[in-house]
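Dear colleague,

Please find the structure below, together with its sequence.

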Amino acid sequence: MQTNIEQEQLTYCAVHPDRETGLRCNKCERYMCAQCAVLTPVGYRCRECVRTVDNKFFTGTNQDYLIVAAVAAISSGLGAAAMLFIPIWLFVIFIALPIGGGVAYLIRRAVQGRRGRYTGYVGAAAVVIATVIVMLISRTDLINIGLWVYAGIVAGIVYNRFDGKL
Ligand SMILES: [Zn+2]
Ligand SMILES: [Zn+2]
């Protein structure tokens, strides 16, 4: 491709029209000066695009939190109920790991990958609450080690998958 020097025009920052710049946002392609450019892991972007991505990243609405809580509670509650049939609580560790991954997967699917700042907390809390409810319904001793280990592992996995970090 040939570049035509004569046609090249001076370009200016979209926010500061008096500042000449050749730097463009790699998302919306607007020109931006050094002050307006933000270095992100995916390159230089304008402040507006960075803000939009931030908002997109934390798209968890209040309704999402309800979905997260419901999915986490139901799936981990079923898992906790299954734990009641495990004779040796040490086995719980090995079974709780894939269940935790499964619960996290179901949550992600249910909210279509959207995340909120508190998704991890909500999911983990729902897991613990659901496990306690299973203990109460099943009249299992509240100091049932296996179920607490289960709740800890599953809640920990869910929290880790959804903590607000990139
Ligand atoms: Zn932009
Ligand atoms: Zn600028």
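**The nonpolar cores**

The largest nonpolar core has 27 residues, and those touching the most other members are Ala-72, Val-103, Ile-107, Val-127, Tyr-150, Val-154 and Val-158. Such a core is a set of buried Ala, Val, Leu, Ile, Met, Phe, Trp, Tyr and Cys residues joined through C-beta atoms within 7 Å. A residue is buried if 20 or more other C-beta atoms lie within 10 Å of its own, exposed if 12 or fewer, and partly exposed in between, with C-beta atoms placed from the backbone. At least two residues of this core come from each of helix 2 (62-83), helix 3 (91-110), helix 4 and helix 5. Helix 5 gives the most, with 8 residues. A second, separate core has 7 residues, including Tyr-31, Met-32, Cys-36 and Ala-37.

The model is predicted: local features need pLDDT of at least 70, side-chain atom pairs count only at pLDDT 80 or more, and totals for chains, interfaces and linings use all residues. Residues are numbered from 1 along each chain as its sequence is written, while chains are lettered from A and ligands numbered from 1 in the order in which they are written.

**The chain as a whole**

The protein chain contains 5 helices and 2 strands, in the order β-β-α-α-α-α-α along the sequence. Helices (H or I, at least four residues) and strands (E, at least two) are DSSP runs, numbered from the N terminus. Of its 166 residues, 30% count as buried.

**How helix 5 packs**

Helix 4 (residues 119-137) and helix 5 (residues 145-162) pack at about 165°, with axes 7 Å apart. Axes are lines fitted to C-alpha atoms, for helices over the stretch in contact, and angles run from 0 to 180 degrees between N-to-C directions. The two helices are therefore roughly antiparallel, a term for angles over 145 degrees. By class, their contact has 12 nonpolar, 4 polar and no charged residues. Here Ala, Val, Leu, Ile, Met, Phe, Trp, Tyr, Cys and Pro count as nonpolar, Asp, Glu, Lys and Arg as charged, and the others, Gly among them, as polar.

Helix 3 and helix 5 pack at about 40°, with axes 8 Å apart. The residues of this contact divide into 14 nonpolar, 3 polar and 1 charged.

Yours sincerely

Key: Angles under 35 degrees count as roughly parallel, over 145 as roughly antiparallel, 65 to 115 as roughly perpendicular and the rest as oblique.
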